[in-house]
Amino acid sequence: MKARRPVRVLLVVIGLAILGLFPLLFSSPTTTSIAVFTLIFMVAACAWNMFAGSSGYIALGHAVYFGVGAYTLTLLANHLGIAAGWGVFALVPVAGIVAGLIAIPTGLIALRARRHTFVVITIAFMFIFQLAAFNLAFTGGSSGLQPPTPLWSIDAYNRNFYYVTAAVLVATFALTWLVRRSRFGLQLLAIRDDEERARGLGVRVARIKLTAFVLSAIPVGMVGGIYAYFLGQIFPQFAFDPLFDLSIALMAFIGGLGTLFGPLLGALVLESLQQYFTVQYGASQAYLIIYGVLFLIVVLLLPRGVIPSMEELIGRWRGRSSPPEADSGEPGRAGDVVEAGVR
Amino acid sequence: MSTLLEAAGVCKSFGGLQALSDTSLSVEEGQVAGLIGPNGSGKTTLFNVMTGYERCSAGEIRLRGESITRATPERVFALGVGRTFQITRLFFRLSVLENMLVATQRHEGWIRSAMRGAGSAAERRRALELLEFVGLSRLANTPAGNLSYGQRKLLELASLLVADPAVLLLDEPTAGVNPTLINQLSERIRELNRTGKTFLVVEHNMEFVMGLCRQVTVLHQGRTLVTGTPDEVRANPAVLDAYLGGADDDDL
């Protein structure tokens, strides 16, 4: 516990440095393009985990907010006639806000249910939105929509998208960190462990859950907008994609559900791997097999995810190398300590 | 002395089972009241109705004369009624100290609570004092899931005290707890009572109830059988009947 804080600060500083320098060090367009997709998924997994990892509500419908963000940015850019270039990035926060607004009614409905029912309702919402995007007039149906395409050189194109997405990632991570250390975050964790008891301790569970749900939808909507702008086209099946839902959940699970850094690590590994395979072997869905295998390995060997398991390992290693203190509050001896305290 | 918490003519049924029928109970301010009765007599159901976890089909729950019949559990707690559960419920993956801090939001709004760090210095100090009070302060950073059963009961009680409720409803606080800890628990309840806290305790441990409570209510088949001092209750033939003669109605 004691040594962790400086380690974390160091990790964040190193992470920021790598984040800032990456496109300068690895400037090949293939690499920077993979990096943009990876950052998009790091944001999504991080935001998803803030809600699902903290509250224990495994939402599998965040593609709704990703798609709403993608369509919001595209439609607004086209209808307002915003010229391709930096101006369109100003719509990214708007995409986030619209996604957040959509998250209010959908969240209200889904959060009336718990556990499996909640999961099923969120999946249903994803398909309802996909179906709507296929069939409504203003979404362009199955032929999709094209946002304006900026006339940057390939290098500048990827680099600009990279830094915008990186800024969203930093903001999202800061948000999840603030939530985690706030009273609000503690209440979310209480809901995860025992919702009924949390109510009995005055936690206004309905509001807390909805707030977290909406907060987690906003960054997802923002990267949805970036995604549409980056690709230069958007189709219903990619905007509202069930694989998106599974991917971000998997990333969080693999890295460590409910941890701060877990989803970042999970998304970094999985998304860059997937993009790499797509580049190497064409746009097959062979990466799904790798997802499955990785997931099985993690569930079998590191059931709580990579980060918690590593922490435990380090903790055990430290415990062995230093002599145990008299008052370490070790679980095995907890009883004796209190029995002594009672008398 | 005035009535602090009161159930009047409460009815509650689950399908065909009438769990409570016209049950009444009142708890005077500053008192330790007991609620006993054979298994299945409706004690926990009455607790659930009084704390907003279940809705009653008829009757009223009043706190200081005001109806809280339709209040949610969150609201009931905010008004100053804390409860524990028959099967102890804690946030098992949170540390003992974090468990203590969950209830600290009682006095503030929701937006403000979202903006603030979890547990100000004063709140942490208060939480540690209360942990000291129940003898758990040395385990503050242990996950609550690692505590023994008796320690969990103590933590559950202490985590309510953080919010300083006016009345505490304890559902079988001594079940599964060793005798040393039972004495400790009953000592703590007396001490809290001296500082003005009101209690309503559901118990099967007669020695504990009779030693602690000045007024005992007996429930039988969802009805209030008798209310009186421990001596009156002990001498009442209807009570003996309910416990000894009523077994075929309840357990079997």
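Visitor: What joins β3(B) to strand β9 (residues 215-220) of chain B?

Guide: Four bridges do, and the two strands run parallel; DSSP finding at least two bridges is what makes strands a pair, so these qualify. Strands (E, at least two residues) and helices (H or I, at least four) are DSSP runs, numbered from the N terminus. B:Ile36 stands opposite B:Val218 in β9(B). β3(B) also pairs with strand β8 (residues 198-202) of chain B, in the parallel sense over four bridges, where B:Gly34 has B:Val201 as its bridge partner.

This is a predicted model: local features need pLDDT of at least 70 and side-chain atom pairs 80 or more, while totals for chains, interfaces and linings use all residues. Residues are numbered from 1 along each chain as its sequence is written, with chains lettered from A and ligands numbered from 1 in the order written.

Visitor: Why is strand β3 (residues 32-36) of chain B largely enclosed?

Guide: Because five of its five residues are buried (20 or more other C-beta atoms within 10 Å of the residue's own, placed from the backbone; exposed is 12 or fewer, partly exposed in between). B:Val32, B:Gly34 and B:Ile36 cover one side, B:Ala33 and B:Leu35 the other.

Visitor: How close is helix α5 (residues 91-110) of chain A to its expected span?

Guide: Its 20 residues reach 28 Å from first C-alpha to last, close to the 28 Å expected (1.5 Å times one less than the number of residues).

Visitor: Where does α5(A) bend?

Guide: At A:Ile104, by about 30° (the angle between axes fitted to the seven residues ending there and the seven starting there). A proline, A:Pro105, follows within four residues.
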